[in-house]
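Colleague: Please take a close look at one part of this structure, the aromatic pairs and what surrounds one of them. I would like a connected account.

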Amino acid sequence: YLLRTLNSPVADTMFWQPLWHTLRVASGVILLSLTLGGFLAWLVTRSNLRGRAWFATALIVPYMLPAWTFAMAWTTLFRNRSIGGQQGWLEAMGMSPPDWLAYGELPIILILTLNYIPFVILLFGNALRRFDAQLEDSARILGANSLTVVWRILLPLMLPSLLSACVLIFAKVLGEFGVSYLLGLPVNYTVLSTSLFRSIELRQTGVAAVVACAIMLLGVVSLLLDATLLKEARKFVTVSGKGGLLRQQDLGRWQWPALGLVSGVFIVSVLLPLCVLLLSTLMRVPGDFSVANFTLDFWIGDHLDSVAETSGVLLSPNLWRAAWNTLWIVGVASVSAGVLGLLVGYVVVRTPFGWLALLLRQVTFFPYLVPGIAFAAAYLSLFAEPRGPLPALYGTVTLLILALIADEMPYASRAGISSMMQLGKEPEEAAQMAGAGWWRRLLCIVMPIQKGALVTGILLPFISGINGLSLFVMLAVPSTDVLTTYALRLIDYNYLQAANAVVLLVCLL
């Protein structure tokens with residue numbers, strides 16, 4: 001299988017070309033996400049941008065929407081009939097988008113960039129909030145200009161959050177399937193994840209194993225690079241027992257251009273795809289904007305001519321059962337992961353045993369590198385039958401919560417580690433001198449100071465769990481159906497209007 005995958009007449013199609021495409025997509029997404037996301041994070045945290053508090057939340061919304069939903073909205077707008085099928089909205093209006101705009105590398109990079117910019121805003125923005133402006137003042141007193149302050153002071157101290165964002169984005173792109181499948185398949189643009197899926201579909205399990213190992217190996221290499229660059233955590237401490245100063249930069253005449261940029265990003269990444277999806281749920285025939293074509297039947301209709309549902313989604317008991325399952329299963333798992341992530345960050349930064357810090361850092365992140373379907377299959381094989389004192393857990397919410405906690409630990413642990421690297425020992429040492437034990441210091445000193453990181457460590461797993469698909473599609477049964485699996489079933493029945501309605505409800509959550 002190694003020879004067939006890496007050195008055979010079909011190796012280029014099965015492995016080397018998808019590998020090259022994957023690296024190109026990952027590089028493009030990281031570059032665009034860091035450039036645009038870093039600037040947006042600075043605007044909403046360190047400038048006097050109008051409405052910055054609102055934008056700080058609004059710009060995270062793109063990650064609340066599953067990436068494959070962006071792809072569905074993109075194809076609804078830009079799809080052309082050069083490969084057959086229905087026409088898109090632009091083509092219906094007389095404009096025929098070229099293939100390079102409708103499918104392939106460019107739209108994949110743009111959609112994934114919009115989806116992963118919130119990583120940078122959350123991680124980099126949280127670090128910027130804790131950056132003491134007196135450090136900038138010291139540099140300026142010594143004669144440094146603005147560019148020098150950014151390059152020599154700000155960016156080096158922000159390195160943990162920037163590297164965390166890079167590793168998260170790179171690993172996420174490695175396992176991303178939905179966007180590449182929807183936008184790459186029509187023009188035969190394959191990446192490693194779609195090549196893996198194709199091998200499984202063709203029952204070439206040996207080839208699929210080689211491709212999956214290659215994906216994991218790339219992730220391990222990124223982890224080793226991350227560990228090498230972050231060996232000396234002391235240089236990143238920006239929160240100590242001393243008072244800090246947070247100063248906002250006056251944008252002056254750049255106020256309105258900056259507001260226009262942030263508003264434009266919000267419109268393109270949130271309003272436009274949501275409007276496309278919303279309009280699609282109100283149309284009997286896609287792309288027909290005549291008044292007679294609009295209807296509310298897919299939301300509140302009754303006696304509908306559909307195999308999947310005979311009523312609108314809001315009147316379906318299946319929807320409300322899936323929504324309740326989503327909230328409490330994902331909620332329990334994300335809170336557990338958030339607390340564990342902060343504890344992992346504490347141990348990684350405070351432990352005197354370097355091997356333990358390295359082990360925890362890499363092990364808690366490793367599930368991120370495994371494709372979701374493969375991760376779910378592993379849990380299924382582990383718990384499908386009784387093993388020793390453990391009962392068979394398949395079909396139970398316990399299995400879903402356990403798998404979700406493990407699968408979401410990378411988000412929580414990265415937030416915990418990057419924030420703990422900026423917290424000096426002085427506050428804890430002062431509490432210890434006053435007689436506080438470890439639990440008291442954790443609850444009264446560490447957690448209040450790191451409440452922003454704890455919220456991030458809960459928010460990221462919660463968002464990821466709500467819009468996750470590949471894990472639930474393997475482990476959920478009808479009694480534990482969640483919103484994403486419910487939407488997928490509607491898509492299988494070609495009930496696209498109702499499926500888009502469910503996706504909009506996921507985004508509302």
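Modeller: Rings of Phe, Tyr and Trp (its six-membered ring) count as a pair if their centres lie within 6.5 Å; planes under 30 degrees apart are stacked, over 60 edge-to-face and the rest tilted. This is a predicted model, in which local features need pLDDT of at least 70, side-chain atom pairs count only at pLDDT 80 or more, and totals for chains, interfaces and linings use all residues. Residues are numbered from 1 along each chain as its sequence is written, and side-chain values use heavy atoms, with hydrogens and water left out.

Searching the whole structure gives 9 aromatic pairs. One of them joins Tyr346 and Trp438, edge-to-face, at 5.7 Å centre to centre with 75° between the planes. Tyr346 belongs to helix α17 (residues 317-350) and Trp438 to helix α22 (residues 438-449), so this pair ties together parts 92 residues apart in sequence. Helices here are DSSP runs (H or I, at least four residues), numbered from the N terminus.

The two partners can also be described by relative accessible area, where buried means under 20%, exposed over 50% and partly exposed in between (1.4 Å probe, protein chains only). Tyr346 is buried at 10%, while Trp438 is partly exposed at 33%.

Tyr346 has a further neighbour: the charged end of Arg350 sits over its ring, 5.8 Å from the centre. That wording requires NZ of Lys or CZ of Arg within 6 Å of the ring centre and within 35 degrees of the ring normal.

Elsewhere, Trp54, Phe55 and Phe266 form one aromatic cluster.

Methods. Helices (H or I, at least four residues) and strands (E, at least two) are DSSP runs, numbered from the N terminus.
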